[in-house]
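Visitor: I am new to this structure and would like to learn how to read it. Could you take me through some of its features?

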Amino acid sequence: MIPIPPFWLGRRTVLAATVASFGCALTRPLLATQPAAGVAFDPALLDRAIKRAAGLDQIHALVIGRHGEVVSAEAFRGPAVNRAVNVKSVSKTIAASLAGIAIDRGVLRGVDVPLAEAAPGLVPAGVDPRVRRITIADLLTMQAGLEPTSGPGYGRWINSRNWVVDALRRPFVTEPGARMLYSTGSYHLLGAALASASGRSLLALAREWLGEPLGIDVPSWTRDPQGFYLGGNNMALSPLDLFRFGELWRQGGRWNGQQVISAAWVRDSWVPRTRSPFSGDDYGYGWFLAEAKGHRIAYARGYGGQMLYLVPGLGLTVVVTSDPGRPARSDGHVGMLNALLTDAIIPAAEMA
């Protein structure tokens, strides 16, 4: 088990600056920086960072660790840090991890395989011929080109009789592979493809391929009318279990001496392949990619402010869970969380 020292903090309101995004395009590989030595934080700066977090009324819990050691884990409000919570679209990062493992194990031939080849039974008759050009990589990067199912289109999509068919029959906004159109439907198609290609549910894959090696619980979550688990939303993990998932990635896909995800997939996932139309940050396979104060950052993001930040050069992993019912825009709550990382937590690690 990862050691968790006792820590208690009163609730105090602290103002936090906002930032729209990290604001820097990636210029070199994320893992190129050598890890910093030691696990310590400057205690005064760390205390200041945690107090600042406590003052953000949307935050539920914060977990901070360095080189695998949890230094602070606290629920300011909401469920305890060992209780599973809805991580919203952080589910996309988990699904992308499962896709990488599927490729490592030969369940999928690779990212350039068309969806129609990986899971031919998913593609209905009469769809636009361009659907057959959509690849696994297009789904991973949300560059399928189809009208998004997220945002205003989400309700209509989940109320449809067949989520896969509805997603694939939507009109094309742009050509496959042209640009990112944020869409949970793309990741639902990815999850359905993984289930079809493996002959097992996405839940079973998540439990065996990630839950068992990491020693974490993966509860059941939303399924579509055909029984496919939702590929890009509504998974639940505790903040401490999400920390373990982040540590798996920070350590290049290894956990307790076992290579759970190949190092090649970690490297490939952290190569910028498109850019978010909302934050402007780069996006790889399931990860947003940015730079702040000279440090490479990979992060997963879910509605409401569910965040998993990795700063490999500092050996830093940070988990934030927030109120899942309140919006968290890049120029709002998520901006405040980004500022918390870059202006408070990173300096506490740098000054140790």
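Guide: We will go from the whole chain to a hairpin, the cavities and a few loop residues. This is a predicted model, in which local features need pLDDT of at least 70 and side-chain atom pairs count only at pLDDT 80 or more, while totals for chains, interfaces and linings use all residues. Residues are numbered from 1 along each chain as its sequence is written, and side-chain values use heavy atoms, with hydrogens and water left out.

Visitor: How many helices and strands does the protein have?

Guide: Helices (H or I, at least four residues) and strands (E, at least two) are DSSP runs, numbered from the N terminus. Here there are eleven helices and twelve strands.

Visitor: What percentage of the residues is buried?

Guide: Buried means under 20% relative accessible area, exposed over 50%, and partly exposed in between, with a 1.4 Å probe and protein chains only. Of the 352 residues in the protein, 60% are buried. As for the surface, accessible areas come from the Shrake-Rupley method with a 1.4 Å probe, and for residues only the protein chains shown count as cover. The protein exposes about 13600 Å², with 52% of that supplied by carbon and sulfur atoms.

Visitor: How do strand 1 and strand 2 run?

Guide: Two strands pair if DSSP finds at least two bridges between them. Strand 1 (residues 59-66) and strand 2 run antiparallel and are joined by six bridges; in one of these pairings, isoleucine 64 has serine 72 in strand 2 as its bridge partner. The two strands form a hairpin with two residues between them, and histidine 67 in the turn has a positive phi of about 50 degrees.

Visitor: Why is strand 2 described as largely enclosed?

Guide: Strand 2 (residues 69-75) is largely enclosed by the rest of the structure because five of its seven residues are buried.

Visitor: How is empty space inside found?

Guide: Rolling a probe the size of a water molecule over the atoms shows where empty space is left. On a 1 Å grid over the protein atoms alone, a cavity is a set of points where a 1.4 Å probe fits but cannot get out, and lining residues have an atom within 4 Å of a point. Grid points are joined across faces, edges and corners, and a volume is the space filled by probe spheres set on the points. In this structure, the search finds three cavities of 30 Å³ or more.

Visitor: Which residues lie nearest the centre of the largest cavity?

Guide: Its lining has 14 residues, and Ala144, Leu146, Glu147, Ser183 and Ser186 lie nearest the centre. The largest cavity holds about 80 Å³ of space, and helix 7 (residues 184-198) gives the largest share of its lining, three residues. Ala, Val, Leu, Ile, Met, Phe, Trp, Tyr, Cys and Pro count as nonpolar, Asp, Glu, Lys and Arg as charged, and the others, Gly among them, as polar. That lining divides into seven nonpolar, five polar and two charged residues.

Visitor: What lines the second largest cavity?

Guide: Its lining consists of Ile94, Ala206, Leu210, Ile216, Val218, Met235, Leu237 and Phe245. These residues divide into eight nonpolar, no polar and no charged, around about 50 Å³ of space.

Visitor: Is asparagine 256 buried or exposed?

Guide: Asparagine 256 counts as exposed because its relative accessibility is 71%. Asparagine 256 sits in the loop between strand 5 (254-255) and strand 6 (258-259), and has a positive phi of about 50 degrees although it is not a glycine.

Technical notes
On a 1 Å grid over the protein atoms alone, a cavity is a set of points where a 1.4 Å probe fits but cannot get out, and a pocket is an open set with protein on both sides within 12 Å along at least five of seven lines; lining residues have an atom within 4 Å of a point.
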